[in-house]
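Please keep the sequence and the model in view while reading.

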Amino acid sequence: MAIDLKAMLLHAGELQRATTLGELLQVTHAAVRSHTRYVHSWLAVVDSDDPGFMYFVNVTGSQEALVLATCPRLSVADDVLVQEILESGEPVVVVEAAEDPRTDKQIVALLKNRTLVNVAMAVGTERMGTFGVGTYGDEGVMVPTETELEWLVVFATQLASAVVRLNLLARQEQDTAARVKLERHLEALQRVELMGVLAAGVAHDLNNYLQVIHGNLTSLEPRTREDAETFEDMLHATTKASEVARQLLSLGRSASLKQGLDLNRRVESTLKLVRSAIPRGVTVSHDAGQVPPVEGDPVQIDQALANLLINARDAVGDTGKIVVAVSDQELHAEFARSNPWAKAGRYGRVRVHDDGPGIPPELLERIYDPLFTTKATGTGLGLAVVSRVVQQHRGLLHVESRAGAGTSFDLYLPAQ
Ligand SMILES: Nc1ncnc2c1ncn2[C@@H]1O[C@H](COP(=O)(O)OP(=O)(O)O)[C@@H](O)[C@H]1O
Ligand SMILES: [Mg+2]
């Protein structure tokens, strides 16, 4: 009996429409049942991330759970039968598994394998995995006929091309997800850039006016206690407004880079400045590690660090822990490929960690946006400034935050 080509074409179409390996197996299972005498079929696919291993996709029939529990992953190097299947262009038939020297007797005893017929799924010289049919326990041994073998070989070629297509799809999906993330990140950076240019112009004038108000206020003598309180409020408000103007101004400022900066020194001098603004109950520690010298603008770097520290303070409240850790970091190309925010290279890194409540995932994408704030008296400019500074230094900025596990901001500056 020759192979039914029309039926094979129909199956090929079904295989090409499958969107998961599980669906592929369903099509396979139905096809095996209608064209051979076998009831059980399986797919073992080469792990595309780790080609020394194969894993069972899903195994149809009563043995499914047992097979997956016994041997979910196969090491190709450790399995002579798998090697033979992958290397041979022909189907490999094991008539009685318990007696064949090539099988793993422990697994055979567990699964009660009887006959095993396996074919390699290959495209050109690349092996995608194996496709098999067989019998268990009381089903007895079942030697495949010539026609059955022929059918299995042809079907395996169809399966192989479907597996290749699914692998490609999976890779494409990964790439798209990484690209979308990167684009969002770039968009946020561009918004900061534009905002910086606009804001700097306004802030400059604003700051001059504020200086005048502030100067005059301090030279006035309040006559009553109420006046004195009003003066205090006005002074406080102008100081706050100057702070906003200063942050806005620095958004538009370009860096004046100096050589050989020591990041531990930058952390020390910033901590000295902001220490008084942090409540006593908050412990702040500086974990000074070995770090390569970096090129940068010390004023800007201090400003970025101060913003991160103040945010950490706001996050922990009256009691908590802030750790500033400085370290030498080498990011490899492979790491950069799987982390769209990263770029390969050697960096000095400052990590500002706090044990505050963390940032909810839905807000993470917006925190760098200028004017984005969740605080009643926030300006929403702190992280915009940090991100702008990092950009001007061709550095990297990364945040790790989980609800309940605190927040870590990592500022990477390229090593000289
Ligand atoms: N360490 C942190 N822990 C929790 N949330 C943070 C932290 N740092 C920043 N955020 C969030 O990011 C927002 C933006 O921060 P920022 O740009 O500095 O503006 P602001 O501090 O004025 O709100 C904050 O309002 C807050 O919601
Ligand atoms: Mg802030």
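## A pair of strands

Strand β10 (residues 320-331) and strand β11 (residues 345-354) run antiparallel and are joined by 10 bridges. Within this pair, L331 stands opposite G345 in β11. Helices (H or I, at least four residues) and strands (E, at least two) are DSSP runs, numbered from the N terminus. Two strands pair if DSSP finds at least two bridges between them. In general, strands of a sheet pair through backbone hydrogen bonds, either parallel or antiparallel.

The model is a predicted one, in which local features need pLDDT of at least 70 and side-chain atom pairs count only at pLDDT 80 or more, while totals for chains, interfaces and linings use all residues. Residues are numbered from 1 along each chain as its sequence is written, and chains are lettered from A and ligands numbered from 1 in the order in which they are written.

## The sheet and its helix

An open sheet is formed by 5 strands in the order β8-β10-β11-β13-β12, with mixed pairing. Its edge strands, β8 (282-288) and β12, each pair on one side only. On average, neighbouring strands of this sheet are turned by 15° against each other, direction ignored.

Helix α8 (residues 263-274) packs on the sheet and touches β8, β10 and β11. Contact requires C-beta atoms, placed from the backbone, to lie within 7 Å. The direction of α8 makes about 160° with that of β8. Axes are lines fitted to C-alpha atoms, for helices over the stretch in contact, and angles run from 0 to 180 degrees between N-to-C directions.

## Two residues with positive phi

Most residues other than glycine have a negative phi. K112, in the loop between α5 (105-111) and β5 (113-123), has a positive phi near 60°. R394, in the loop between α12 and β12 (396-402), has a positive phi near 50°.

Technical notes:
Two residues are in contact if their C-beta atoms, placed from the backbone, lie within 7 Å.
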